[in-house]
Amino acid sequence: MFKSEKMKTSYFRTAILLTVIIFSASCKKYLEEVPNNALPTTSSITDASTARAAIIGAYDRLQGYYASSYPTLGTITTDNVIFNGTLSEYLQLDQNAIPTDNVITVSAYQGIYRTINSANSVIAYVPAVTDPLLTAAEKNKIVGEAYFIRALSYFDLARGWGGVQLQLKPTSDLSVLTGIKRSTLDQTYDQVLADLIQAEQLLPEDATTRNRAQKSAARALRARLHLYRKQWAEAENYATQVISNTKYSLVKPYKSFFTAPFQTAESVLELAYSVNDRNSYWNLWYPSSSGGQFTLKPSDALIAKLNNPAVGGSRNSLIAGSGATVYGVLYNTTATSTDPSYLIRIAELYLIRAEARAQQNKLADAVADLNAIRARADVTATTATTQPAIIQAIEDENGIEFAFEAHRWFDLVRTERAGVVLGITNRNFWLFPIPYSDVQSDPDVTQNPGY
């Protein structure tokens, strides 16, 4: 999973170690009321090894919601992917008729908070560790990674559920949860920005790592955040910082980035898996003849676009099969289940900058960025020349470039185009429901309107 043999022990194994540590440290307190999934306390993060285990545990939590539930929310809810199975939770998402107990939204929402809780523990306790084996540089890196993971987690909550409860301390007992009201969307995004500023300060300028956070990953997520907030100049600035880093480039052919070996120059950040810590997301995309469930299927409209040389170009490598059995192959390691979760690709930074430039009326520069993406996919240059046409072309390009990644739904919501494109005219349903169980168990949690 990581470059050295020692670090190939997988997030899963380390998470198991961390669980053992937590359990042994807290068993004497078995009469105390402690919430499920309670994570490290001062008694469990005490030295270099437990600090390292704690941050790997946070990555493991991040893997948990990015291995299936969150990318599903960003895809099946749109026009690119349709329901093709028997499980009602996927049908509800496909029809955008989501109850408050939908299994996938509940899994994603609660999984993100578990990730935040892990990151909170690292942020709270690692700085106090005085083990001589934990250098100041490594300590900063670990804490910086935790700030990044928390930033990404709150960003993912905000764009999916709106303003949420900001829990910034580790959950060691139930009292820390009381009295925390839901924040506004702006307040939640402010917290994301604050965490990204901390992360960028603490993280190293790593020239090789692609499966753990470093400064460029923080800058890339900040570019995305500014795009969502319509802060065009800042989005352009931070996207440029990442694009200018020679560590990253658009790889050819297109399918190179999702073909083993992974962690190509395309990747700003991807989560790595191993045969001992599998990502079985391919199973939802592949037909039964290939051992899959075929629950998620490319729509006929998307298939036509991908197969059109003037639109999809070499991105037709995202699909395989024929007739009624055309399926997505972005996740394709069926034998080993080691596909990465693609969190940030350099292609996204080009399209972020293109959109930010177009919104600032820097049309020639916007077209140049858009055409860089099209050229990599062997598609001819855009014919768009006016600002509205260029912005529409960028939206269309995003839909093709990230067809099976967690972008399309959130892009259409942030640009307020979900009504026109998807027919979801009730804006209440542009946000997912807060899980019913969370609303029932916490008087400080209010449900999103319309649910």
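Of the 451 residues of the protein chain, 58% count as buried, where buried means under 20% relative accessible area, exposed over 50% and partly exposed in between (1.4 Å probe, protein chains only). The model is a predicted one, in which local features need pLDDT of at least 70, side-chain atom pairs count only at pLDDT 80 or more, and totals for chains, interfaces and linings use all residues. Residues are numbered from 1 along each chain as its sequence is written, and side-chain values use heavy atoms, with hydrogens and water left out.

The protein chain holds 16 helices and 6 strands; these are DSSP runs numbered from the N terminus, helices being H or I with at least four residues and strands E with at least two. Among contacts (heavy atoms within 4.5 Å) between residues at least 6 apart in sequence, 70% join residues at least 24 apart.

Spanning residues 103–125, helix 5 has 23 residues and reaches 33 Å from its first C-alpha to its last, close to the 33 Å expected at 1.5 Å a residue; the expected span is 1.5 Å times one less than the number of residues. Because 18 of these 23 residues are buried, helix 5 is largely enclosed by the rest of the structure. Its N-terminal end is capped by Asn-102, a side-chain oxygen of which lies 3.0 Å from the backbone nitrogen of Ile-104.

Two packed helices are described by the angle between their axes and the distance between the axes. For helix 8 (residues 215–228) and helix 11 (residues 346–359), the angle is about 35° and the axes are 10 Å apart; axes are lines fitted to C-alpha atoms over the stretch in contact, and angles run from 0 to 180 degrees between N-to-C directions. The contact is made by Ala-220, Ala-223, Arg-224 and Leu-227 of helix 8 and by Glu-348, Leu-349, Ile-352, Glu-355 and Ala-356 of helix 11.

Strand 2 (residues 267–271) is mostly covered, with 5 of its 5 residues buried. Strand 2 runs antiparallel to strand 6 (residues 341–345), and 4 bridges join them; two strands pair if DSSP finds at least two bridges between them. Within this pairing, Ser-267 stands opposite Arg-345 in strand 6.

The loop between helix 9 (232–243) and strand 2 includes Pro-253, and Pro-261 also has its place in the loop between these elements. A cis peptide bond joins Lys-252 and Pro-253, with omega about -5°, and another cis peptide bond joins Ala-260 and Pro-261, with omega about 0°. Most residues other than glycine have a negative phi, and most peptide bonds are trans.

Positive phi values also deserve attention. Ser-337, in the loop between strand 5 (327–328) and strand 6, has a positive phi of about 55° although it is not a glycine. Ser-337 is buried, with a relative accessible area of 4%. Glu-416, in the loop between helix 14 (408–414) and helix 15 (418–422), has a positive phi of about 60° and is likewise not a glycine. Glu-416 is partly exposed, its relative accessible area being 46%.

Finally, Arg-374 is found in helix 12 (residues 363–376). Arg-374 is buried, with a relative accessible area of 13%. Its neighbours within four places in sequence left aside, Arg-374 is in contact with Ala-310, Val-379, Thr-380, Ala-381, Thr-382 and Glu-397.

Notes:
Polar contact = N/O pair within 3.5 Å; in protein donor to acceptor, adjacent residues only side chain to side chain.
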